[in-house]
Amino acid sequence: MEPERDEVVDLLDRILEKGVVLNSDLIITLADVPLIGIDLRLALAGIDRMLDYGLFQDWEEAHKALDQAEDDVSDIEI
Amino acid sequence: MSEKQAEKEARYLYCVTDSSAEISLGEIGLGGNLVYTIPAAKLSAVVHDCPPEPYDSDDSEEVKGWVRSHQNVLDRVMEETRFSGVIPASFDTILQPGEDRTATENVRYWLKSEAETLEEQLEKVENKEEYGVRVAYDPDWLQDKIQADSEEFKSLKKKIDESSEGAAYLYREKLKKLREDRIEEVKERYISEFYDMIAPTVPEIKREEKRDSPGKNRMLLNLSCLVPRGEYEELGEVLERIDKREGFDVKFTGPWAPFSFTEVNGPESEA
């Protein structure tokens, strides 16, 4: 089995959640980083796919996020 | 940002690597920006110049492009043979200028103050790359399998059919509980079986959080594997065996920069 590179989900898991952490004195910080993370995920991966892969850790949170974002991104496909 | 000189006063960080050479990697950054290295203490940070504000957009195509650019820069650095290791930064890590330091000075300051940890981490991931493995199971298949297997289920079902409505309700609840317990047991068995198959094929492995959802396939295992460059054959063979089994689906992705195997924290506030 050969590895694939077009798995957006895996890329996002890494690029948005991992990587070197710097002290907040040095970097531009966002007050709402997790939310932006969710928005990016929704925008990039499409909702159906998100649900298939269970990207949301908390189901209730997921529903809230969906309610907020449904209108904007439901027509986006990867 | 209205003032022109302030427009590019911050540094978008892609990764840290192990060369102290000053190198330009070309205009391959987010938005076609010039990507280059800022060396300090035998290390260098791979950056581009940007305004001191996060990249954010409602346009998914634009965001998608940014994330891919970030990934491309990491790929390029990993391909360059003069670098043997890379510590990736996450999307939107932007170093800003301080009160008495420019952003470039801040980058150098950070590299110097974290040099020991960074070098340690670089050594660990030297000439290695990361692969993602997710094993999912089909819940319907698993449920059928469990019920077909068990005498207990058959006898409970028989009791449900034969009982009065009240008693049948209790038996149905019992059946439900039994089914859930069995599913958990069987899942745990597969988890250790597959993990034990996969783990010996790679030098380092990490269990990531499983994320369950009501989707079609549910996640059984979520792993990150650190593998010497290109040496994923054995891992791939094992994954293929699992993928071919009825009821299971494997996603094998990579190579990625070693995101899951590099842990570096920023220096304590020195303000």
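**View 1. Helix α6 of chain B, its length and its covering.** In α6(B), 34 residues at 1.5 Å a residue should span 50 Å, and the 49 Å that separates the end C-alpha atoms of this helix agrees with that expectation. The coordinates come from a predicted model, and the helix shown here runs over residues 165-198 of chain B.

**View 2. Helix α5 of chain B, seen on its own.** The number of buried residues among the 12 of α5(B) is 0, so the helix lies largely in the open.

**View 3. The pairing of α5(B) with α6(B).** The axes of the two helices come within 9 Å of each other and cross at roughly 160 degrees. Because angles over 145 degrees count as roughly antiparallel, α5(B) is classed as roughly antiparallel to α6(B). The crossing by which α5(B) passes α6(B) is left-handed.

**View 4. Residues at the contact between α5(B) and α6(B).** On the side of α5(B), the residues that take part are E152(B), F153(B), L156(B), K157(B), K159(B) and I160(B), and they meet A168(B), Y171(B), R172(B), K174(B), L175(B) and L178(B) of α6(B). Sorted by class, this contact of α5(B) with α6(B) holds 7 nonpolar and 5 charged residues, with no polar residue.

**View 5. K154(B) and its surroundings.** K154(B) belongs to helix α5 of chain B. This residue has 12 C-beta neighbours inside 10 Å and therefore counts as exposed, the cut-off for that class being 12 or fewer. Along the chain, K154(B) and A40(B) are 114 residues apart, and in the model a distance of 70 Å separates their C-alpha atoms.

**View 6. Chain A and its helices.** Chain A contains 4 helices and 0 strands, and its elements, read along the sequence, follow the pattern α-α-α-α. Of the 78 residues in this chain, 36% count as buried. When the contacts in chain A between residues at least 6 apart in sequence are considered, 74% of them join residues at least 24 apart.

Note on methods: Residues are numbered from 1 along each chain as its sequence is written. Chains are lettered from A and ligands numbered from 1 in the order in which they are written. This is a predicted model: local features need pLDDT of at least 70, side-chain atom pairs count only at pLDDT 80 or more; totals for chains, interfaces and linings use all residues. A residue is buried if 20 or more other C-beta atoms lie within 10 Å of its own, exposed if 12 or fewer, and partly exposed in between; C-beta atoms are placed from the backbone. Axes are lines fitted to C-alpha atoms, for helices over the stretch in contact, and angles run from 0 to 180 degrees between N-to-C directions. Angles under 35 degrees count as roughly parallel, over 145 as roughly antiparallel, 65 to 115 as roughly perpendicular and the rest as oblique. A crossing is left-handed if the near helix is turned anticlockwise from the far one by less than a right angle, and right-handed if clockwise. Two residues are in contact if their C-beta atoms, placed from the backbone, lie within 7 Å. Ala, Val, Leu, Ile, Met, Phe, Trp, Tyr, Cys and Pro count as nonpolar, Asp, Glu, Lys and Arg as charged, and the others, Gly among them, as polar. The expected span of a helix is 1.5 Å times one less than its number of residues.
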